[in-house]
Amino acid sequence: MKSICLGLLLLCAVGLFGQTQPLLLGVLEDVPSESANDMHHRAARALFFHEGDDWKAFPTDCENEECLHKLPARYPQAVHWTIAFDGRKMGEVSARTPAEWSSYWRVGEQVILPSAKVPVIGKPTEEFAGFLGDPILRPLVAVSRSNFQAPDNWKPAHISENERAAIRTQFSKHFASVQNCDNESAPRKNWHYADADFHFGKSYGASTTWKLAAVHLSAYRCDGIVDDPSNDPFADQWFTIDPNGETQFLRGNLVLVDAGDYDKSGHSQLLFMIDDYNRSGYVLFYDNFAKQATFEYHFH
């Protein structure tokens, strides 16, 4: 009976997109409780669909409860997801979209149907906790087809001192003016940061010789958040280094989730989670960082 019901759901999902459901990309998430009556749980979340040569985000632009009631109709009703990590298949789950979402930050979330064991990697940490702050399991990529290979082989990599110097130069161009405080009770003032104030975080390299590196300024000493949390020099800012050694600013307030060839283009796409004040979601970079798609939501 369960398989018959799932089949009917998937048939309905096909109808939302015409003759066939497009290639979909999502995540398998660990979802913290929203209230005393809400249990910590695992869920899928539909993020992007493939159209032509591009990835496009599902809509998230809700500003009232009426929208939360209507928006699920613009999502696939049910999807059978292949779960992947680092070029490996971790399992499969089937999930359905609920009739409505209870809050803005649950948009796109799907209920996992009873099936095989839901894949898990590692233990709950704060790395992907985001604005809510509760330790959770890392999100895993979910694809509506068996596209999980990682041909570009992105791995942790060393960033040379010359590359770090180039990143600091680009960082200083993007953050030409930074404010800081002497201590929490002191007023904000323009801060002339030095090389010693840079903190380099994670860095990665691909077989294509592209590289990625995260860097932020250390020792934010003011009371309260920065004036513009979405453009925060004290949060990780990501930079790319292309095969010719050219360094470019990519985007900030992101945490790398995974890389894989989800559309079988022959090269990997990179999925990041947005980690910001009152804001989260995911950003997918593709075509050697020339293109991106953003699925973004707010908490209140």
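These notebook entries record what I looked up on disulfides and pockets in a predicted model.

**Basis.** I number residues from 1 along each chain as its sequence is written, and side-chain values use heavy atoms, without hydrogens and water. Because the model is predicted, local features need pLDDT of at least 70 and side-chain atom pairs count only at pLDDT 80 or more, while totals for chains, interfaces and linings use all residues.

**Disulfides.** I searched the whole structure for disulfides (pairs of cysteine sulfur atoms within 2.5 Å) and found 2. Counted along the chain, the bonded cysteines follow the pattern 1-2, 3-4.

**C62 and C67.** The sulfur atoms of this disulfide lie 1.9 Å apart. I noted -80° about the S-S bond, a left-handed link. Both C62 and C67 are buried, that is, under 20% relative accessible area with a 1.4 Å probe, protein chains only.

**C181 and C222.** Here the sulfur atoms are 2.0 Å apart.

**Pockets.** I took a pocket as an open set of points on a 1 Å grid over the protein atoms alone, where a 1.4 Å probe fits, with protein on both sides within 12 Å along at least five of seven lines; lining residues have an atom within 4 Å of a point. The largest pocket has a volume of about 720 Å³, the space filled by probe spheres set on points joined across faces, edges and corners. I counted 34 lining residues, with E127, D236, L254, V255 and L256 nearest the centre. The second largest pocket holds about 210 Å³. Its lining has 15 residues, and S177, V178, Q179, N231 and P233 are the closest to its centre.

Methods: Buried means under 20% relative accessible area, exposed over 50%, partly exposed in between (1.4 Å probe, protein chains only).
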